[in-house]
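Subject: Structure handover

Hello,

Here is the structure you asked for. Please open it first, then read the notes below it.

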Amino acid sequence: MFAADSHSLELCYNGLSLPFKMADIISTVEFNYSGELLATGDKGGRVVIFQREQESKNRLLSRGEYNVYSTFQSHEPEFDYLKSLEIEEKINKIRWLPQQNAAHFLLSANDKTIKLWKISERDKRAEGYNLKDEDGRLRDQFRITTLRVPVLMPMDLMVEASPRRIFANAHTYHINSISVNSDYETYLSADDLRINLWHLEITDRSFNIVDIKPANMEELTEVITAAECHPHQCNVFVYSSSKGTIRLCDMRAAALCDRHSKFFEEPEDPSSRSFFSEIISSISDVKFSHSGRYMMTRDYLSVKVWDLNMENRPVETYQVHEYLRSKLCSLYENDCIFDKFECCWNGSDSAIMTGSYNNFFRMFDRNTRRDITLEASRENSKPRAMLKPRKVCTGGKRKKDEISVDSLDFNKKILHTAWHPKENVIAVAATNNLYIFQDKIN
């Protein structure tokens with residue numbers, strides 16, 4: 001990531017140049033297991049899949065470019081007549097399944113319903129039917145005097161997206177996480193108070209494995225904010241809470257995992273306690289490392305890396321935008337303090353990335369402890385242009401290339417990021433624009 005002269009990444013694809021609409025705001029980004037496909041979901045319920053350009057001798061520099069492969073409407077707005085609630089079509093999460101054949105499968109979820117989609121290609125069509133003409137009309141059976149063998153003829157490539165399973169009616173509250181298990185047969189879905197375990201082949205029932213709903217809702221003190229399955233052990237999963245704690249559960253211990261196996265929490269420094277302490281300690285995302293040895297959590301101001309064998313404190317803490325600590329009051333008033341930032345690992349677990357405000361995103365090298373701030377912006381990013389590191393001035397005299405903390409635009413925020421599983425290619429969602437960056441090509 002931080003190779004010689006690579007404090008910048010190269011822009012390969014600048015976002016969708018659409019008129020800004022609420023429905024166009026990107027709400028999730030996810031690479032598939034090979035990194036050849038990249039899926040985005042938006043607030044309008046659409047899923048857009050990008051495919052990586054194949055490398056050729058004539059177009060070596062095009063390697064890394066992603067072009068639109070398929071677009072389909074995953075969810076539609078619904079209305080719950082029993083509760084008089086409108087269910088948004090917004091895609092909360094997308095998770096790919098490992099590819100088993102020529103087709104690709106992914107799970108997409110809105111607040112209440114999860115769907116399993118099959119994305120397949122068709123470049124041939126059958127011609128020469130006996131009972132119908134080429135235009136589809138049935139032929140007169142009495143005029144059929146010869147038997148024809150249908151043949152497959154080439155046609156323009158068509159990518160089809162079809163729903164194979166619909167998993168519904170299992171969540172009372174809004175779904176915030178879905179995670180495919182390492183057995184690739186089951187997955188979990190989490191809402192504010194419950195986590196359910198599903199089998200990919202069974203849609204009419206799921207198993208409730210975590211339920212933190214109190215008998216009296218007035219006694220509710222925390223909610224589930226994120227959950228993920230272990231990448232190698234299909235019986236292990238973690239979930240985070242709004243109190244800044246992480247619980248690791250083992251499904252071998254009990255069918256209902258209300259009692260955790262491990263409990264991760266960093267003791268709070270009493271001297272730094274404030275009105276906002278509980279809000280900014282709420283964990284917005286949790287991700288296992290690819291090795292399964294570590295997990296990463298994102299709270300409002302920092303990213304923490306935990307060793308699964310040490311519960312009392314994180315082994316690494318990275319400050320994302322510590323300069324905002326003095327701005328918490330105004331961030332509370334404009335509700336930005338409740339923004340939920342995601343985080344992601346690179347393929348080798350040696351670097352991590354997460355978003356910030358002003359369309360900034362932060363990258364941290366775990367080996368050298370170096371960090372960098374980059375900006376995803378149409379104004380200063382052209383195809384093949386080098387991104388320059390950005391710095392925020394917190395006080396005193398501002399240098400030429402620095403930006404004042406008072407000048408940050410809190411309406412421009414990067415909540416969703418993804419890192420290619422094998423290469424230094426990253427995807428960053430900035431409102432309704434998708435940016436894809438890769439390492440500088442020498």
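Contact here means heavy atoms within 4.5 Å. This is a predicted model, in which local features need pLDDT of at least 70 and side-chain atom pairs count only at pLDDT 80 or more, while totals for chains, interfaces and linings use all residues. Residues are numbered from 1 along each chain as its sequence is written, and side-chain values use heavy atoms, with hydrogens and water left out.

**K112**

Start with K112. It lies in the loop between β9 (104-109) and β10 (114-127). (Strands are DSSP runs of E, at least two residues, numbered from the N terminus.) Setting aside neighbours within four places in sequence, K112 is in contact with I87, F167, A168, N169, H171, T172, Y173, H174 and I175. K112 is buried but has no salt bridge. Buried means under 20% relative accessible area, exposed over 50%, and partly exposed in between (1.4 Å probe, protein chains only). A salt bridge is a side-chain nitrogen of Lys or Arg within 4 Å of a carboxyl oxygen of Asp or Glu. The nearest side chain of opposite charge is D80, 5.9 Å away. (Lys and Arg count as positive, Asp and Glu as negative; His and the chain ends are not counted.) What does the K112 side chain reach at 2.4 Å? The backbone oxygen of T172.

Strand β14 (residues 194-199) has 5 of its 6 residues buried, so it is largely enclosed by the rest of the structure. β14 pairs with β13 (residues 186-190) in the antiparallel sense over 5 bridges. (Two strands pair if DSSP finds at least two bridges between them.) The two form a hairpin with 3 residues between them. Y187 has W198 of β14 as its bridge partner. β14 also pairs with β15 (residues 207-211), antiparallel, over 4 bridges. There, L197 stands opposite F207.

**D211**

D211 lies in β15. It counts as partly exposed, at 25% relative accessibility. The side chains of D211 and R194 are joined by a polar contact of 3.1 Å. (That is a pair of N or O atoms within 3.5 Å; within protein, one must be able to donate a hydrogen and the other to accept it, and residues adjacent in sequence count only if both atoms are side-chain atoms.) Leaving out neighbours within four places in sequence, the contacts of D211 are L193, R194, L256 and D258.

Best wishes

Technical notes: Lys, Arg positive; Asp, Glu negative; His and termini not counted.
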